[in-house]
Amino acid sequence: MCRKHYFTDYSYISLMKAIVITHPGSPEVLQIAEKPVPAFSPDEVLVKVAAAGVNRPDVAQRKGHYPPPPGASPIPGLEIAGTIVETGANITRWKVGDKICALITGGGYAEYCNVPAGQCLPIPEKLSFTEAASLPETFFTVWSNVFDRGNLKGKESLLVHGGSSGIGVAAIQMAKAFGHTVYVTAGSDEKCKFCEDLGAAKAINYKTEKFADVIQQFTNRKGVDVILDMIGGDYASNNIKSLADDGRLVMINMMMGKDVQVDLSPVMRKRLTITGSTLRSRDTAFKAAIAQNLEKKIWPLLAAGKIKPIINAVFPAEKAADAHRLMESSEHIGKIVLEFIVDGS
C-alpha cells in the first residue's frame, strides 16, 4: 500500500487499492485488490483515506455474519479519517482540502471512500489522522446508546461491559466528563487498572469476581442507572439484578449469544427498560444528528485534551489480517487502526 500523497486533480483517478473479503473466513481472506474509486452523490464527499478504524463488526462481516446494508460498499470499514478531494453539488459546509473523520456504512478499508456530508466531523485540534480515525464508530455508538437511548443524565451511574474495548474507553471518558460515576467489567487485572486510571470508579475482573455482587456492594445495593452491554448471553439476568429502580439496559451486541432465560418479575417491580440498537443500518439523517451533538458537546473536550483517543496498535493497511487477529484475541486495550498514509508524509 502506497504511503505518499497523490495527485491534486482526482477527477481522472479511476482505480484504488482496497482490502477486500475474498470469501467468508479467517483473517487470511482479507486481501489487497484493485477496485473502482467510488462514485459520490450530490450530498456526499469523496475522501482520500489516511487511516481507518478496525471494529468488531468488521470481524463479523469478514466471517459472513454481518452483511453490509443494501447499497453499502462490500469493502469493510466503518470509520475513516482523511482529506476531502471532491464534493457533491449540494455540499456547502465542506470543501476540497478539509481534513475530516467520518462514520460510514462500509468502504473504509480503501484508499478512497464516499461519505454523506452530515456524517463528517472536523478532525479535533492537535489530533493526527490516525487518532481521528479511532473516534467515529465508538463515539457515535456511545452517544446514541448511552446518552440518547439510555438517557444517562444528572448524577446517574453507568456500568459498561468490556471496559477496555474501544467502546469501553470512549464510554468511560465521555460519561466521566459529564460527572457520572462509571463502573466497568474487564478480563484482566491489567485491563481493570487501566480502566480505573482512565476514570472508572471501579473496574471488575469478570474472571475472578461476580459483577452483580460487586455492583451491589459499591452502590449500597441501589444498583446502577444505565448498563451498556455488548456481551449478552448469561449476562442478562445479572444485568437485571444490577439495575436500580427505573434503570435502563441498552444492548449493542451479543458476543455470548442471543438466547437467554431471565426472571421478568424484577423488570416489572423495578420499572426497568430493556432496549438496544444497531447503528450501521440507520439512515443518514439519524447519524447526522449524532454528529451534530458530538461536535457540540464532545469535540471541544477532545480539542482540550480532556478526552483522548486510546489506540493500542496501528497496522499498515496491507496487514489488515494481523489487525483482525489482534481484535479477535481480545488482548488489546483501546482501538486498532489501519494506516493508508503516514501523517505528514
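Guide: Tyr183 is part of strand E9, which covers residues 181-186. The model is a predicted one. With a relative accessible area of 7%, Tyr183 falls below the 20% limit and therefore counts as buried. Setting aside residues up to four places away in sequence, Tyr183 touches a run made of Ser157, Leu158, Leu159 and Val160, together with Ala201, Lys202, Ile215, Phe218, Thr219 and Val224. Ser157 stands 26 residues from Tyr183 along the chain, and the two C-alpha atoms are 7.8 Å apart.

Strand E8 spans 157-161. The loop between H3 and E8 holds Asn151. Asn151 has a positive phi of about 55 degrees although it is not a glycine. Its relative accessible area is 37%, so Asn151 is partly exposed.

Helix H4 runs over residues 166-177, which makes 12 residues. From its first C-alpha to its last it reaches 17 Å, close to the 16 Å expected at 1.5 Å a residue. The buried ones are Gly166, Ile167, Gly168, Val169, Ala170, Ala171, Ile172, Gln173, Met174 and Ala175. Just after H4, Gly179 has a positive phi of about 90 degrees.

Two helices that pack against H4 can be taken in turn. The axes of H3 and H4 come within 9 Å and cross at roughly 60 degrees. H3 and H4 are therefore oblique to each other, and H3 passes H4 in a right-handed crossing. On the H3 side the contact is made by Glu137, Thr138, Phe139, Thr141, Val142, Trp143 and Phe147. On the H4 side it is made by Gly166, Ile167, Ala170, Ala171, Met174 and Ala175. By class, the contact of H3 with H4 has nine nonpolar residues, three polar and one charged.

H5 is the other partner, at residues 189-198. The axes of H4 and H5 come within 9 Å and cross at roughly 30 degrees. That angle is under 35 degrees, so H4 and H5 are roughly parallel to each other. H4 passes H5 in a right-handed crossing. Val169, Ile172 and Gln173 of H4 meet Phe194, Cys195 and Leu198 of H5. This contact of H4 with H5 divides into five nonpolar residues, one polar and no charged.

H3 also packs against H9. Helix H3 covers residues 136-149 and helix H9 residues 284-297, with an angle of about 95 degrees between them and their axes 10 Å apart. H3 and H9 are therefore roughly perpendicular to each other. H3 contributes Phe139, Phe140, Trp143 and Ser144 to the contact, while H9 contributes Phe286, Lys287, Ile290, Ala291, Asn293, Leu294 and Lys297. The classes here are seven nonpolar, two polar and two charged.

Elsewhere in the model is helix H11, residues 320-329. Its buried residues are Ala320, Ala321, Ala323, His324, Leu326 and Met327. What covers them includes strands E1 (15-21), E2 (30-36), E3 (44-54), E14 (311-316) and E15 (335-339), as well as helix H1 (56-62). Ser330 follows H11 and has a positive phi, near 60 degrees.

Pro24 lies in the loop between E1 and E2. It has a relative accessible area of 55% and so counts as exposed. Leaving aside neighbours within four places in sequence, Pro24 is in contact with Val29, Arg62, Lys63 and Gly64. Glu295 is 271 residues from Pro24 in sequence and 36 Å from it in space, C-alpha to C-alpha.

Lys126 lies in the loop between strand E7 (120-122) and helix H2 (129-133). Lys126 is exposed, with a relative accessible area of 74%. Its phi is positive, about 75 degrees, although Lys126 is not a glycine.

Terms used. Residues numbered from 1 in each chain as written. Predicted model: local features only at pLDDT ≥ 70, side-chain atom pairs only at ≥ 80, totals over all residues. Heavy atoms only, no water. Axes fitted to C-alpha atoms, helices over the stretch in contact; angles between N-to-C directions. Helix = DSSP H or I, 4+ residues; strand = E, 2+ residues; numbered from the N terminus. Parallel < 35°, antiparallel > 145°, perpendicular 65-115°, else oblique. Contact = heavy atoms within 4.5 Å. Nonpolar A, V, L, I, M, F, W, Y, C, P; charged D, E, K, R; others polar. Expected span 1.5 Å × (residues − 1). Buried < 20%, exposed > 50% of the residue type's maximum accessible area, 1.4 Å probe, protein only. Left-handed = near helix turned anticlockwise from the far one by under 90°.
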